[in-house]
Amino acid sequence: MNTKDVLFELRTKNNMSQDDLAEKVFVTRQAVSRWEKGDTVPNTETLKLLSNLYNVSINTLLGSPHKLICQCCGMPLEDSIIGRNKDGSLNEDYCKWCYADGTYTYSDMDNLIDVCVPNMVNENFTEEQAREYLKQELPKLDYWKRYEELSDNGQFEAFKKQLIDEINDLHIEGMPRVEKLNALVGSFVNLEYPLPNGTKVKFLDDNVTYLGNQLESEFGTDRCFGILANMDFIMICTYEAEGANPELVLYKKR
């Protein structure tokens, strides 16, 4: 799609008139009309406002002229999985798993490879091939080339270690010791938990990236432990395959 078509579709999809949109992004109705006719395109600052308003990338607003990939893990980027800056705006260089709320979630390339490999293995791509591919390709990405400049001097890793210690100090019966925490997007782990009155409730935000892991129960049952945490809370649950029949074990504010 051309930029003019994208802008028209997004405006009408959001039930806004040209006057409504003009007011929200501080331009005239005539300017909006010229965009949708293809006579002009919004300037850089206005594109940022439109990106925040519609919750899509600037690349999408411009008709997707570039193929975006995460500059940390190499994953192809779509609007729904793009990471966010501290102010909530989209950062079109990273996915939600590698960059969340202005924070880079990986400082160890080998750890990232361990997380990515299981998602790449299939009948045509062995674990060894996936691992070798990532070892060759990740160093070419901007984050790893500029790691010394972009890293936080180990602050986030120190925070993860603190969380791991707090979780292990809970001594949850049947749960193995937590050795590492990975970035997990809320929409993938936001299970519905049954309450005593029969209703179900979700505790997470689909659009937020958390830290967590999945561990097999030491009791040898078909249930797994799920760990999720951030700066505000620690949550432990159990569930069956594919997240079926979840039960909340603990929810603790930090």
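Of the 254 residues of the protein, 43% count as buried, where buried means under 20% relative accessible area, exposed over 50% and partly exposed in between, with a 1.4 Å probe and protein chains only. The model is a predicted one, in which local features need pLDDT of at least 70 and side-chain atom pairs count only at pLDDT 80 or more, while totals for chains, interfaces and linings use all residues. Residues are numbered from 1 along each chain as its sequence is written, and side-chain values use heavy atoms, with hydrogens and water left out.

The C-alpha trace of the protein spans about 65 × 50 × 40 Å along its principal axes, and its secondary structure comes to 11 helices and 11 strands; helices (H or I, at least four residues) and strands (E, at least two) are DSSP runs, numbered from the N terminus. Among contacts between residues at least 6 apart in sequence, 46% join residues at least 24 apart, a contact being heavy atoms within 4.5 Å.

Consider next how two of the helices meet. Helix H1 (residues 3–13) packs against helix H3 (residues 29–37) at an angle of about 125°, with the axes 6 Å apart; axes are lines fitted to C-alpha atoms, for helices over the stretch in contact, and angles run from 0 to 180 degrees between N-to-C directions. That makes H1 oblique to H3, since angles under 35 degrees count as roughly parallel, over 145 as roughly antiparallel, 65 to 115 as roughly perpendicular and the rest as oblique. On the H1 side Lys4, Leu7, Phe8 and Arg11 take part, and they meet Val32, Trp35, Glu36 and Lys37 in H3.

Within H3, Ala31, Val32, Ser33, Trp35 and Glu36 are buried, and what covers the buried residues of this helix includes H1, helix H2 (18–25) and helix H4 (44–54). Just after H3, glycine 38 takes a positive phi of about 85°.

Helix H4 also holds serine 51, which is buried, with a relative accessible area of 5%. Not counting residues up to four places away in sequence, serine 51 touches Val56, Ser57, Ile58, Leu61 and Leu90.

The sheet can be read strand by strand. Five strands form an open sheet in the order E5-E8-E9-E10-E11, with antiparallel pairing; two strands pair if DSSP finds at least two bridges between them. Strand E5 (182–185) and strand E11 (247–253) stand at the edges, each with a single partner strand, so one side of each is left without a neighbour in the sheet. The twist averages 30° from one strand to the next. Strand E8 (residues 209–216) and strand E9 (residues 224–229) run antiparallel and are joined by six bridges, and asparagine 213 has isoleucine 227 in E9 as its bridge partner.

Which residues form one aromatic cluster? They are Tyr94, Tyr99, Tyr104, Tyr143, Trp144 and Tyr147. Rings of Phe, Tyr and Trp (its six-membered ring) pair if their centres lie within 6.5 Å, and planes under 30 degrees apart count as stacked, over 60 as edge-to-face and the rest as tilted; by this rule the count comes to 15 aromatic pairs. One of them joins tyrosine 143 and tyrosine 147, edge-to-face at 5.8 Å centre to centre with 85° between the planes. Tyrosine 143 counts as buried, at 2% relative accessibility.
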